[in-house]
Amino acid sequence: MIDTVVSGILPDEWWATIARLSNLAAAALFIVGIKMLGSPATARRGNWLAAVGMAMAIGVTLLDRSAVNYGALVLTLAIGSVIGLVAAKRVAMTDMPQMVGLLNGLGGAASALVAAAEYWRITNLGEPVAADTAVTVIAGLLIGGITLTGSFMAFAKLQGLVTGAPITFPLQQPVNLGLLAAFIGGSAYLLMHPGDLTMMWVLTAIALVQGVMVVLPIGGADTPVVISVLNSLSGLAASAAGFVLGNEMLVIAGALVGASGLILTQIMCKAMNRSLTNVLFGAFGSGATTAGEGATGEANGNQVVRSIDPEEGAMMLGYARSVAIVPGYGMAVAQAQHAVRELADQLQRMGVEVRYAIHPVAGRMPGHMNVLLAEANVPYSQLCDLDDINPDFDQVDVALVIGANDVVNPDARDNPHSPIYGMPILEVDRAKHTIVIKRSMNPGFAGLDNALFYDDKTMMLFGGAKEKVSELVTSVKDLS
Amino acid sequence: MSETLVTGLVVFVLASFVGFEIINKVPPTLHTPLMSGANAISGIAVVGAILAGGAAHLNGPTILGLVAIVLAMVNVVGGFWVTDRMLQMFKK
């Protein structure tokens, strides 16, 4: 239809040139868009530029001469768009890690399907599949498949459908190695028997199982790293699909996403002082670390925990000069961000200086706390990262820790035997006083006891984050 | 290796370097939006899906392509939209 109109007006070679130039422009828009996403002032426009690039890429592909089945194309494009739109509008900000996880998975799935479809198409033609194509198809199936089930597994853990603790079982490593060997063997078979459709499906199935297996042993606290890695993989999967089709556009866009995901991964790993290998294969917080847990638990066995009620907490906060709020995953779970904002507002009205201290891996994805506080209208100028706030903790009168644990554990700095030793922490123990809002004395996701809770200057305020912060707000109001 | 594959590798490596260069020093506030925005871009697989799903005959490969279009479009539209929703909230 449109196709015949366009190719009727323009000679084919012209059309091919125009399509390539349009793709070049789209790639440029992606690059500029991502660049602008890196600065608060331009981020929103950057996102739109990238979206325009995507629209151009889709539009020019629809005009391609090989696209003829317009009814089905328009229908599927519309279905996907509507689902995406509804999901994006409805999702709560607290559920953003799950949302990003799901979207990653769908991108990976689409890339794997494209690779599979192309391989199937060629075998249907009865032509031999070139070795080059077979290799790229295998890469696409592997990366896309792992991205799909890995992301869904991460989603299930975040959503609480599966326990957030590391899941390990006997012979886990041998099983994983077996899967890897099976995949390599299957790939070799596919290269020697080009056109074997069954083996392609077998390889797909293995990749899907591998995705589940990779994410199973990873604990909740390590989720920010996993989400970044999956983000990177979703880009590489798109690149692989681009190699399969010989489409530069896909290769470029995928490589950009792969790079951005890798950078975030590096930032997250650095914030935990762990290597990527250790995060992915260490099963952190399970068997390997129980020894450490027992040791610190005993050491703290005779120590006293000081508990206070909201009224006392409010007195400490209301008469402070400087307060630092340290949010963690507990704030997200309790959806306490609005109550926290209210408390900060009230304190500021009373002349207290309030800042938020944000650890890079607090929460379940990169920037998780920032998103939640932004939702509660906290200006981002009040958010301080590690390097900004740590030198200032000496001058902070009260550090208010809300549902954070491992990121404020002084053992990471002081105890060389602690599994998290070397991880940069928010040094709240250097503040004059610390109030910790926490449900109970249960250890955090890393399964470690926290020396901070036994510190002379630390007061525990036991209860749910939302409830306790609201009570603090009421009590602080009564002070004035 | 074929010419196409080599060209692809050249483009891939150069684009990766570009990616590393432009995303250098992203403030923590933007970590999530950067991730979800980049994620939406990875939905570019939709282009491959259209090529696979747009063929005249409705057979196995075409159906895979059409399914891929739906999944990729959820990723694209959902990704860009949710990123915009987040960025809308960030203010000075």
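Chain A holds 19 helices and six strands, where helices (H or I, at least four residues) and strands (E, at least two) are DSSP runs numbered from the N terminus. The model is predicted: local features need pLDDT of at least 70, side-chain atom pairs count only at pLDDT 80 or more, and totals for chains, interfaces and linings use all residues. Residues are numbered from 1 along each chain as its sequence is written, chains are lettered from A and ligands numbered from 1 in the order in which they are written, and side-chain values use heavy atoms, without hydrogens and water.

**Exercise 1.** Describe the overall extent and burial of chain A.

Solution. Begin with the C-alpha trace of chain A, which spans about 80 × 50 × 35 Å along its principal axes. Next, take burial: of the 480 residues of chain A, 57% count as buried, that is, under 20% relative accessible area with a 1.4 Å probe and protein chains only (exposed is over 50%, partly exposed in between). Finally, consider contacts, meaning heavy atoms within 4.5 Å. Among the contacts in chain A with a separation of 6 or more, 78% come from residues 24 or more positions apart.

**Exercise 2.** Compare the span of helix α2 of chain A with the expected value, and list its buried residues.

Solution. Helix α2(A) covers residues 12-36, which gives 25 residues. The expected span is 1.5 Å times one less than the number of residues. From first C-alpha to last, α2(A) reaches 36 Å, close to the 36 Å expected. The buried residues of α2(A) include A:Trp15, A:Ala19, A:Phe30 and A:Met36.

**Exercise 3.** Determine how α9(A) is oriented relative to α1(B).

Solution. Two packed helices are described by the angle between their axes and the distance between the axes. Axes are lines fitted to C-alpha atoms, for helices over the stretch in contact, and angles run from 0 to 180 degrees between N-to-C directions. The axes of α9(A) (residues 223-245) and α1(B) come within 10 Å and cross at roughly 155°. Therefore α9(A) is roughly antiparallel to α1(B), a term for angles over 145 degrees. As for residues, A:Leu236, A:Ser239 and A:Phe243 of α9(A) meet B:Leu5, B:Gly8, B:Leu9 and B:Phe12 of α1(B).

**Exercise 4.** Locate A:Pro360 and state whether this residue is buried or exposed.

Solution. A:Pro360 lies in the loop between β2 (353-358) and α16 (368-375) of chain A. Its relative accessible area is 19%, so A:Pro360 is buried. Leaving aside neighbours within four places in sequence, A:Pro360 is in contact with A:Met268, A:Ala271, A:Gly367 and A:Leu386.

Technical notes. Parallel < 35°, antiparallel > 145°, perpendicular 65-115°, else oblique.
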